[in-house]
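Happy to walk through this one with you. Let's take a few labels in turn and ask what stands behind each.

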Amino acid sequence: MFAPVSTPAFAIREIAFFVLGITGVIFLIVGGMILYTIVRFRRRAADRPSEPPQVYGSMRIELAWTVVPFLIVTVLFLVTARYIWGIENRSQPPSALEVTIVGNQWWWEIRYPKLGVVTANELHVPVSDPGSPMPTFVTLESVDVIHSFWVPQLAGKMDVIPNKTNRTWIEPRTPGTYVGQCAEYCGLQHGLMLLVVVVHPRDEFERWVAAQQAPARDEPAARAGRDLFASLACINCHTVRGTTANGVFGPDLTHLMSRWTIGAGAARNTHENLQAWVNDPGTLKHGALMPAMKLSRRELDTLTAYLVTLK
Ligand code: CUA
């Protein structure tokens, strides 16, 4: 959060420094007085026990330590409220990109309703220049429990709540890859709910969208695996666009191999890991809701050979 690349994260750093400044001064004053007291009034050999001066009921002291903290808290409250107001009331410009992110136990579904793209765990957005702004407005939904969307370099936390739609927005200024993580305890694999945000230059983003919009590849060499996939329970939960698979409970696999990780950060997305995942997801991510498919070695090889063609 101290290295922001996007509004509203810039504003959040500003206010964090402001609060740290005020509390830092308070810390120095209080700590300094304690140190001074410890040194100045330490016990000396010649000391005789005596009662210190009593200040109970002193109007001046009581007023000072009531009024000063009240003023400090009021300033912190008003400044914070002003920042929150500014962030929450940003209206959506027509040029904005719309994304819907759905929290699941334990992965993120990412939909671009106007572009017809569905992916998982990796949010791709364009960079936004002051000259031609293109912020991303994010709608947050959850299908099960409360999650929390948090990418510290881009924006503050926003809860992802079942039966409630929350909104947030980002406006990244610098292309790059930024890492986020679910920030609300949501069950066994809360720790493996990685969210990667890739901020692209405009033309690169358009190429990414075009690649994601394309239907799944159909490689003749992998047709046996494709048919096996279609005959198994896989298609009840997963979608591969251009095939009969249209399940919605699990991640869309149309362009599975374009993603870096399996299981929202559980493992790198390699042929070998993918095979281990299909064989038994629990070995890579204990408690993952995808069942072990109980496939024979040959079926597993055939199926994985198909999955790795989904680029
Ligand atoms: Cu989802 Cu923690």
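A residue counts as buried under 20% relative accessible area and exposed over 50%, with partly exposed in between. Please keep in mind that this is a predicted model.

Q: Why is Cys-237 called partly exposed?
A: Its relative accessibility is 31%.

Q: What makes Cys-182 count as buried?
A: Cys-182 has 3% relative accessibility. Buried means under 20%, and Cys-182 therefore qualifies.

Q: How many disulfides does a search of the whole structure find?
A: The search comes back with 0. Take Cys-237: the nearest cysteine sulfur belongs to Cys-234 and is 8.8 Å away. A disulfide needs two cysteine sulfur atoms within 2.5 Å, so Cys-237 is in no disulfide.

Q: In what order do the 3 strands of the open sheet stand?
A: The order is β5-β11-β10, with mixed pairing.

Q: Why do β5 (122–126) and β10 (176–181) stand at the edges?
A: Each has a single partner strand, so one side of each is left without a neighbour in the sheet. On average, neighbouring strands here are turned by 20° against each other, direction ignored.

Q: How do you know that β5 and β11 pair?
A: Pairing takes at least two bridges, and β5 and β11 (residues 194–200) have 5, in the parallel sense. For Glu-122, the bridge partner in β11 is Val-196.

Q: Which helix packs on this sheet?
A: Helix α3 (residues 202–213) does, touching β5 and β11. The direction of α3 makes about 135° with that of β5.

Technical notes:
Residues numbered from 1 in each chain as written. Predicted model: local features only at pLDDT ≥ 70, side-chain atom pairs only at ≥ 80, totals over all residues. Heavy atoms only, no water. Buried < 20%, exposed > 50% of the residue type's maximum accessible area, 1.4 Å probe, protein only. Helix = DSSP H or I, 4+ residues; strand = E, 2+ residues; numbered from the N terminus. Axes fitted to C-alpha atoms, helices over the stretch in contact; angles between N-to-C directions. Contact = heavy atoms within 4.5 Å.
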